[in-house]
Amino acid sequence: MIYFLKCNLLMPRSKRSKTVVLAKVEKKTREAKQEIIKQIREAFDTYDTVYVIDSHNMTSSSWQQLRTSMKGYARIFMGKNQLMRYALGKTEEESYRTKTWQLGRLLKGMTGLLFTSAPEEKVQSALASVARPCLARGGDVATKTIVIPQGPLDRDKYSFALEPELRKLGLPTSLQNTVIHVLCDHVLCKEGDVLTSAQARLLKHFDHVLSESSVTLRGVWHKETEDLDVLDPNCLYLLDTAPAEEDEQSD
C-alpha cells in the first residue's frame, strides 16, 4: 500500500525590491494655511514692493542659491496659487490693499511672490545669477530647429541596445552590424514648436540644450503709489481673465 503524505512546501521569501515609504507628506492644516496668509500680509508692512515671479525648470538647489543670495533684503513665497490669491484678495472688493487683487491675477502656473525694498536692478541681478542652460522638457518651446542627419551614430556613445528606444521615440533607425543608423535626415523639432515628451527625450539623447532654468518678473506692486505695473507684456491678458480654481502648482 502506498501512502501519500501531504506536506506544506514553504516557498522562499521574495527578494524583489519593495517600495518603502520613508516619510509621509501631510496636507497643510487650516491653521498652517492661515499662518501663510498672515505671513504674506505682514510682508506688505515690511517691504515696499511686491513682485510676481515666474519660475521655469528651477531645481531645489537653484532655489536655495537664490534665497541665500537675497537673504536680508527679500522674502519669497512659493506655494498654492489659490492660497496666495486669497491673501491678496480675489476680487476688487476683497483686495487686501488697493490693486493687490490684480497682482493675484498674475499668479498662474509656477509662480510666486517676492517681497523686497531693494531697487529693481538689484532684484534682476540676483535672478540673473541663478539662470542656467538646461535640457528641455515636454511643453517647452523649441528655441531653434534641430535636424538629426542621416548616417551611422557613434558606436561608443550610442549602444546598439538603445536602437529600439530611439525608434519608439520617432527617430527612423535601423541596426546594421551592431551600429545604429539614422535612415534619413530627421527634423527633431522646429523653432517655435511646443515640444512633446518624446522630442524632449530625443533632445536629451543627442545633447541638445534648448531651455534655461530661470526666474523672471511678471509684475510689480508699489506700496507708495499702490499701483501695479505689468513687466511681461505676454501676461497682460491675465488681468482680464478670472483664474480657474484648478490652476495650482505644487507646494
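In this predicted model, the buried residues of helix 3 are Asn81, Leu83, Met84, Arg85, Ala87 and Leu88. They amount to six of the eight residues in the helix, which spans residues 81-88. Helix 3 is therefore largely enclosed by the rest of the structure. Several elements contribute to the cover over these buried residues. Among them are two helices, helix 1 (30-46) and helix 4 (100-105). Strand 2 (74-78) and strand 3 (111-116) also take part. Gly89 follows helix 3. The phi angle of Gly89 is positive, near 100°.

The relative accessible area of Thr49 is 10%, under the 20% cut-off, so Thr49 counts as buried. Its surroundings come from two stretches of the sequence. Leaving aside residues up to four places away in sequence, Thr49 touches Leu114, Phe115, Thr116, Ser117 and Ala118, and also Val220, Trp221 and His222. Thr116 also takes part through its backbone. A polar atom of the Thr49 side chain lies 2.7 Å from the backbone oxygen of Thr116.

The protein as a whole contains seven helices and 11 strands. Of its 251 residues, 38% are buried. Among contacts with a separation of 6 or more, 76% join residues 24 or more positions apart.

Methods. Residues numbered from 1 in each chain as written. Predicted model: local features only at pLDDT ≥ 70, side-chain atom pairs only at ≥ 80, totals over all residues. Heavy atoms only, no water. Buried < 20%, exposed > 50% of the residue type's maximum accessible area, 1.4 Å probe, protein only. Helix = DSSP H or I, 4+ residues; strand = E, 2+ residues; numbered from the N terminus. Contact = heavy atoms within 4.5 Å. Polar contact = N/O pair within 3.5 Å; in protein donor to acceptor, adjacent residues only side chain to side chain.
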